[in-house]
Amino acid sequence: MPMIEVSGLTKKFGQITAVDSLTFSVDEGEVFGLLGPNGAGKTTTVRMLCCLISRTSGTAKLGDLDISHRSETMKIRKMIGIVHDNVGLYETLTAYENLEFYGQMYEAPRDLVKGNIKEYLEMLDLWDQRDRRVVSFSKGMKQKVAVARALIHDPQILFFDEPTANLDPEASKVIRDLILKLKGEGRTIFLNTHNLDEAQRTCDRIGILKTKLIAVDTTKNLENAFARKVTAIVLASLNDSILNAVESRNPKRVTVEGNTIRIELEDPDRDTPSVVSAISGAGGQIKSVKEEGVSLEGVSLEDVYLSIMRRGQN
Amino acid sequence: MRLWKSWALARKDMKILRRRKSLVGGLLVIPVLLGIGLPAILEYVITKKGAQSSVVVDLLGAFAYFFVLLSVVLPLYISSYSIVGEKLERSIEPLLATPTSDEEILLGKYIGVFIPVLIAIWLGTAIFMIMADAFSSASLGYYYYPNQSFGIIVLIAVPLACLYAISFSVFVSAKVNSAQTAYQLGVLTAVPFFILYVLGELGIVSLVSDLNILIISAALLVMAVVMFFISRATFKREEILTSWK
């Protein structure tokens, strides 16, 4: 059952389109990662879904609630928790006071707030520091308090906007482990990140965003879809002028085995006809052309992401 | 509108204020100085200049208006930080993400400034009354304070002037990106009061008349309410979030 359903969601700031026609859904209990470079529209997407800013067009539903209905805004805010890209804690207050205040603002029962403060501060190794003012905390400690704040009212849906940005590996791991624990509890998690490793470790599905949503799938499927493909061309005979003609098309890699040339191209569908015509032009007699998959070994989400981004630029 | 939410926000703001010693110091210093300084001037006029009783009474009446002026200027000191402060600490986005309405946030901000400012001014007026009585009772033959006119000023005009200044300042604070700009623009609220003071000194308006003070108070109440609704109507969450760099 989808907990987040987005359809044609668009945001424009004046003439600039920050987010263009997003359509996707996130199931209950799923961790969905939105990957993209800075300025891709990730934070704007989260802000629209959390009713912090208005949408220009399109719709989105969180559970049964529609973000375009003003009357449902408060209910939506109550059912979600957000870890913002800036922690935004009150530095002169203690960790406990910060969480207690937000518990009130989220209208959570006092007992629940007390219990959650203890549970999450203990889980995040901050219980002993609860009465220290946040101003004296390290970046990682502040981020942990911000995570606890997002959980203080037991929200069904959690939005994490760059939760591990600028954190050391140890603090990042704590946050990642918590995300996985929350997933285990059946909560729906929307994770904005440009940390590919984090996305790979925590997300069930990933959307790649660059103003538009370029791809959405599981990590594995994305890797399969973007695995390296090689165009194998079998020739009657091979000579240097044919090889020079192939090289003139700027392939990523060329290997020769007998009369067969295996060429790795940036985009086989687009580039193969041009290579074939170059070979013919150099007098090569082509017997067959076929596409061969290459072992997935060595293809990472990073390869997929960079490949998609390059295509996006082209 | 849920008052308890505004109160929770106000309590948080007051807690932060208490922990910022420079803000607390700044908040207390002017009322206390005024509370001590004005009677000191009175003492000087009585002992060194041999002022008549009528002059002493006129002076006491004029001094009282200083607390109305103070109650317009003093809130700016804190309320300039109200929304801008949240922007500076980047806490505005988490706050706006909570299920809290614009009215609840604005009212919380009002209360969070109103209470400490009023306490500081009342502290100043208490010191002023005690010291002014101590210095003037021998000359007048009675204790001038407390009296009805000062009661109207302290209990009606001062809180309403505070409220008016806060409403204007919070409105400005939501629109600008620095506390300094908010403060500078907020000072504009004091201009009509300085004009009134000059008119009073020129004898055009009597600022010792209870009726006039009540009329000014009523005008302040209307302006504060109007400013609240203007603030609510112009409180654009999206603008606050996206225009802040």
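Predicted model: local features only at pLDDT ≥ 70, side-chain atom pairs only at ≥ 80, totals over all residues.
Residues are numbered from 1 along each chain as written, and chains are lettered from A in the order written. Local features need pLDDT of at least 70, side-chain atom pairs count only at pLDDT 80 or more, and side-chain values use heavy atoms, without hydrogens and water.

**Stop 1: the domains of chain A.** Select residues 2–224 for domain 1 and 228–295 for domain 2; the bounds come from an automatic or database domain assignment. Their C-alpha centres lie 47 Å apart.

**Stop 2: a pair between chains.** Select A:Glu97 and B:Lys15, whose side chains form a salt bridge at 3.8 Å, N to O. The term means a side-chain nitrogen of Lys or Arg within 4 Å of a carboxyl oxygen of Asp or Glu. A:Glu97 is in helix α3 of chain A and B:Lys15 in helix α1 (residues 3–19) of chain B, so the pair joins two chains. Helices are DSSP runs (H or I, at least four residues), numbered from the N terminus. A:Glu97 is buried at 15% relative accessible area, while B:Lys15 is partly exposed at 22%. Buried means under 20%, exposed over 50% and partly exposed in between, with a 1.4 Å probe and protein chains only.

**Stop 3: inside chain B.** Next, select B:Lys109 and B:Asp13, a salt bridge with its closest N and O atoms 3.0 Å apart. B:Lys109 lies in helix α5 (residues 102–140) and B:Asp13 in helix α1, so the pair ties together parts 96 residues apart in sequence. Both residues are buried.

**Stop 4: one helix.** Finally, select A:Lys118 and A:Glu122, which form a salt bridge at 2.6 Å, N to O. They are four residues apart in helix α4 of chain A, about one helical turn.
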